[in-house]
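Q: Could you walk me through this one? I'd like to start with a helix and then move on to the chains.
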Amino acid sequence: MVRLSGRRSLEIAASVLKTPAPVGQLRPGREYVVWVVDPATGRDVDQAVFTIRRAPRSYTGEDMAEIHVHGGRAVAARVLGLLTDSGARPAQAGEFTMRAFANGRMDLARAEAVAQIVAADSRSQLECASRVLSGEFSSKLEQLYAALVDLLSAIEARIEFPEDDVPETRPDDLARRLDGVRLDVSALAATFREGRMIAQGARVVIAGRPNAGKSSLFNALSGGDRAIVTEIPGTTRDPIEAVLDWDGLPVRLFDTAGLRRSGDRIEMLGLERAERHLEDADAVIYVIDRSLPADPEDAENLSRFAEHCVVALNKSDLPPATGNWRLATADSGVQPPASRLPPPAFTLRCSALTGDGVPEIRRSVMGLLVAGPAAAGDALVITNARHYALLREAETALRQTVDALHASATEDLVAGDVTAALRALGQITGKDVSADVLSEIFSKFCIGK
Amino acid sequence: MEDTFDIAVVGAGHAGCEAALAAAHLGCSVLLVTLDLGKVATMSCNPAVGGIGKGHIVKEIDALGGAMGLAADHAGIQFRLLNRSKGPAVRGTRCQADMKEYSDYMAGLLVKNPGIALAAGEVTNISLRGVGFELELAPMAGARAAGAPAPSGRLLARTVVVTTGTFLDGLMHTGLQNRPGGRLGDPASRWLPAGLRALGFELGRLKTGTCPRLDGSTIDFDAMRRQDGEDPPPMFSFLSVEPQLPQRPCHLTSTTPATHTAVRKGLDRSPLFCGIIKGRGPRYCPSIEDKVVRFPGRDRHVVFVEPEGLGTDEYYPNGISTSLPEDVQIEMVHTIPGLENAKILRFGYAVEYDFVFPTQLFASLMAKIAPGLFLAGQINGTSGYEEAAGQGLMAGLNAARFVRGEPPVILRRDQAYIGVMIDDLVTAGTTEPYRMFTSRAEHRMSLREDNADVRLTPLGRQIDLVDDARWDAFNEKAERVRAVQARLRTQRVPDGIGTVPAYDLLRRPGVRYRDVCGPAMESSGNSTLDRAVENAVEILVKFEGYIERERQRAGKIADMDGVAIPELLDYKSVPGLSREVVEKLSAIRPATLGQAARIPGMTPAAVSMVAIFLARIRSVSRET
């Protein structure tokens, strides 16, 4: 299908079509069988189905023409060529949506959601984006925005109309209600942890001491032969990345250089990079070679990211070393207290070589990544970094408001903080805070001498 | 013989007076034409100046060398500082004024000014002529005649400032009766609207209303609560020391259920509810019938009985603005405690009038379609003496600069409420009479009354509006503030445990300047100045952090306001903009990216497209 949007779209479409009646007389939304003709030669190009939409009742809010040609790239390209010769230009990525938004057919949050659907390459990305598109995010925001407008209008009414009978909201009551909104904003912002994973991929980093079998496990998990596997410790100097789709969740799996104290300068660089990846990791798979005796370095490394870590006791195909560090026995039931995972999921025996235990490791990692309700697909999740930043801005301003109220700050300061929160929320959907607050004052309070 | 004035000001209300004075101060020859020279700077509505947001504007006018602050201080018979406890940003000075004294004071300034020629009459048409404008002038009698008035005079002016208030095709309503008029007792300006349309302006219709006026000798003040002004009285002008007139109280009473019954009984003859009034009224200043209908649950509404002056027994019962029929007004007033026997001297009425959609103006207040023609005050859709005066000052200033071939002065949103107001008007327009509210300012913590001089007097000096006396007074205060701040940082004071820098102690909540510095600070001998210095220092120290926080939050907006858009930018050439957005931008012609972003219906995406386009032209022009 070829779509045209804009003031001249019908005129341009008409110039390459033979229609049963002049285009200006066609009924919007009706399908007409037409012929596409080359205006230069007058020759028929293809038979097509043609529909027009009139501004503002169209997706973009402008006049639109839709030409359904017979399949095949050649025909579509030919029709596009004819149209551009007649004055049309190819749309930029997401431009139709941008126009819909610019013409007020869609709020900003929804328009951005469409842009994400266009770019979505995994099922969960698609699900999240479509939830925003359905307006669920906007209506949640609307709710929080309205709650703040309600609170702020009560403060502002007393400021702007000091001689009218505007009831005072008690500061502790106000603080309590603002804190309620803050918690909601904060919860919404917190979904960005998952939302970011969905939008940009969850970052899963494989770490461990050299030659523990990290690269083999990386290959086993990514199902390919991406990482180079040798017997020489320190082979993997740069983190290697694979982008995977795990049950609809995009996962970026990183193999890293072995963690060890080394004199090699090149290896040091690899280590630094590994450290950076570990800092940003959503989950860590820490690989230990259970056929070797315990090393205190493992315990030391593990303590740093135990909270979001799965321990892979690798080389289950070899006999275990006796006297290994006791963490290395999954049966012992001992685990660092900070782990989010229950004991059986935290330390897992596996063999990267035979594939034994690898699916279990993947399942445990997924448990770490999608512990929240988003996993079930029924929660609203923020996937847009701009929305996240604005929600955090609102959250900060609300926290400052509550602090200011507790410190008995004057009303102008309190109102200033709430206004900052409202402006941040209003920016997500594009609102005029000052006008909305004044309207609320006039509708709610009997003011004015 | 035809004289050509530099500037002709049409109307001598609050906007017209400031415009004429500012322009004359800049050396322009000014003609001020008004219907009745006895009614200069009349307070057509309530006898008060200032209030929240409005007091801010008065102080800004004063800081720029305007007249309103001095006039209000001269004519004030009760001064109060509202919102004292609600924080420094929202404190607003207000005074009850002797209406006649106010008018006389302003008339005196005009008459004494050799640069201003005064003329009585009605301007019936303004047309382009040569490099300026021709004004057709009719004497009053002619304007009243039924037919088109024969022009009795023609005047030429390089520039014109139109400040017609509620007079443009004014229609006054009391009950189902209505008659043309700009204000009770004054005729409407019936011919000028056609002239403005002929110039190409699009006009709309607004409505406002006022209260019945009462005879004080028939009011029982003992039945009401007395409200006195504050002592010491807060002044408007940075030059004033104390009030000039004896001070008077106001009195508070309230409506009763019987009042509301009377109002409801009269609704079938209310022009507001019968659909006769088409113009939109101010939501913040509802008539009593509006309040009764919209808030049926309330059994009382406060009424402030305000004196109109020392030499008159007329009182203004603020809170019962109405356009109900006369018999209903009488019945209603008599149900109010203290007003049982009150005699109505003049009945309340609503007035509908034409205004010019202010989006047809540049931020200089000059019309986009007629260079040299400026509009100020209610004609731009505002309400309030202060809003009018603020615009009048800017229009007079910019008209004078236009004559002198200088670029206009535009106050920024982070600089003055006047800047916020004018930006709101020319960017978003208005659908109801526009009044200033402090919540309209995103830089509210910085735009305070106390620092209006710091914000604007140096600018006023630079553009020749501020005279030596004001400049000296400004510098004296500024130096004292600096000296006290420096001393606060060095001087150590006991805090109960040990000693701390006085500055740190003052930052603590609840600690006041007096507690820290006591009488140790040297007095200037002028207690008003001493208080102003104390106040300024206290706010600077205590609110430093909050002011900085606001500055950072509003920073993005302020940054966008720093990105200039070429005046002749063809928005059709900006890729990706919809036709509607192109139309909006082409109509408003925003001066900055920030202003573009504030146009209603502008989306962040559209703003980004303009920003990207501007960045591209800049980089292209750098390359070539």
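A: Before the helix, a term: helices are DSSP runs of H or I with at least four residues, numbered from the N terminus. Please keep in mind that this is a predicted model.

Q: OK, so what comes just after H9(A)?
A: Just after H9(A) comes Gly223(A), which takes a positive phi of about 65°.

Q: And why is helix H9 of chain A largely enclosed by the rest of the structure?
A: The helix spans residues 214–222 of chain A, and it is largely enclosed because seven of its nine residues are buried. Those buried residues are Lys214(A), Ser215(A), Ser216(A), Leu217(A), Phe218(A), Ala220(A) and Leu221(A).

Q: What covers them?
A: The cover over the buried residues of H9(A) includes several strands of chain A, among them E6 (202–208), E7 (240–246) and E8 (249–255), and also helix H13 (358–369) of chain A.

Q: Switching to the chains, how many residues of chain A are in contact with chain B?
A: On the chain A side there are 32 residues, in contact with 40 residues of chain B. Helices H3 (95–102), H6 (136–160), H15 (411–429) and H16 (433–444) of chain A each supply at least two residues of that side, which by class has 14 nonpolar, eight polar and 10 charged residues.

Q: What about chain B, how is it divided into domains?
A: Chain B is divided into domain 1 (4–204 + 355–458), domain 2 (213–352), domain 3 (484–553) and domain 4 (562–623). Taken over C-alpha atoms, the centres of domain 2 and domain 3 of chain B are separated by 42 Å.

Notes. Residues numbered from 1 in each chain as written. Chains lettered and ligands numbered in written order. Predicted model: local features only at pLDDT ≥ 70, side-chain atom pairs only at ≥ 80, totals over all residues. Domains from an automatic or database assignment. Buried ≥ 20, exposed ≤ 12 C-beta atoms within 10 Å, placed from the backbone. Contact = placed C-beta atoms within 7 Å. Nonpolar A, V, L, I, M, F, W, Y, C, P; charged D, E, K, R; others polar.
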